[in-house]
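Please look over the sequence and the model below before reading on. The report then walks through the strands, the helices and a few selected residues.

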Amino acid sequence: SSSSSSPPPSGADPPEFAWALSFSPPFVSSLAYHGFLPMSTQIFSDLICLLPKLHVSRCVLPCVMSDLRLESGLARKARRGRGYAFSSDSCLPAVVEGIVAQHGRHCWFYQPLVEAFAALHRSPQNGVRVHSSELWCKETGRLVAGEVGYSV
């Protein structure tokens with residue numbers, strides 16, 4: 001019989017998750033700096049833990065926003081407006097609230113992680129800053145989509 005602590009079979013991906021109880025902004029920013037995606041989960045009714053996830057393969061934008069270029073057709077549509085406006089770093093709390101509404105209250109955004117992300121949004125640490133991206137309906141002024149990420 002095999003032990004649960006034995007290494008994965010040759011060619012298998014290593015486990016992607018670790019766990020921790022600290023949500024301090026310096027710790028969360030250090031994890032992000034080293035390539036982990038900080039997530040969280042509720043273990044018991046009174047225990048929420050940090051789940052640093054190290055993706056074997058991950059989408060990373062290795063560019064500065066000023067270097068970002070749109071394909072010409074998409075750029076034309078963006079210039080016409082089409083009823084939406086894009087912003088960044090203007091409404092992190094509403095974006096997090098929308099993500100939780102979309103994915104359910106038991107998604108990865110538990111309050112301790114939200115607080116750490118908000119602190120890193122206000123005051124970057126270890127070269128890590130949390131960002132929000134927002135898409136607004138021009139007609140109603142409502143937030144219709146958003147995402148949270150970080151820069152290193």
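What follows describes the strand pairings, the helix packing, the aromatic rings and one lysine.

## Basis of the description

This is a predicted model, in which local features need pLDDT of at least 70 and side-chain atom pairs count only at pLDDT 80 or more, while totals for chains, interfaces and linings use all residues. Residues are numbered from 1 along each chain as its sequence is written, and side-chain values use heavy atoms, with hydrogens and water left out.

Helices (H or I, at least four residues) and strands (E, at least two) are DSSP runs numbered from the N terminus, and two strands pair if DSSP finds at least two bridges between them. Strand β1 (residues 37-44) and strand β2 (residues 47-53) run antiparallel and are joined by seven bridges. A hairpin of two residues connects β1 to β2, and F44 stands opposite L47 of β2.

Strand β2 also contains K53. With a relative accessible area of 15%, K53 is buried (buried means under 20% relative accessible area, exposed over 50% and partly exposed in between, with a 1.4 Å probe and protein chains only). Contact means heavy atoms within 4.5 Å; leaving aside neighbours within four places in sequence, K53 is in contact with E16, F17, G35, F36, L37 and M39.

## The three-stranded sheet

An open sheet is formed by three strands in the order β3-β4-β5, with antiparallel pairing. Because β3 (84-88) and β5 (143-151) stand at the edges, each with a single partner strand, one side of each is left without a neighbour in the sheet. On average, neighbouring strands of this sheet are turned by 15° against each other, direction ignored. Strand β3 is joined to strand β4 (residues 129-137) by five bridges, and the two run antiparallel; here A85 has W136 of β4 as its bridge partner.

Axes are lines fitted to C-alpha atoms, for helices over the stretch in contact, and angles run from 0 to 180 degrees between N-to-C directions. Helix α3 (residues 92-103) lies across β4 and β5, running at about 105° to β5. Helix α4 packs on the sheet as well, touching β4 and β5, and its direction makes about 95° with that of β4.

## Packing of α1 on α4

Helix α1 (residues 25-33) packs against helix α4 (residues 111-122) at an angle of about 80°, with the axes 9 Å apart. That makes α1 roughly perpendicular to α4 (65 to 115 degrees counts as roughly perpendicular, under 35 as roughly parallel, over 145 as roughly antiparallel and the rest as oblique).

The contact is made by P25, V28 and S29 of α1 together with A116, F117, A119 and L120 of α4. These residues divide into six nonpolar, one polar and no charged, where Ala, Val, Leu, Ile, Met, Phe, Trp, Tyr, Cys and Pro count as nonpolar, Asp, Glu, Lys and Arg as charged, and the others, Gly among them, as polar.

The structure holds two aromatic pairs; rings of Phe, Tyr and Trp (its six-membered ring) pair if their centres lie within 6.5 Å, and planes under 30 degrees apart count as stacked, over 60 as edge-to-face and the rest as tilted. W108 and F109 form a tilted pair, 5.7 Å centre to centre with 40° between the planes. The rings of F109 and F117 have their centres 5.9 Å apart and their planes at 75°, so this pair is edge-to-face.
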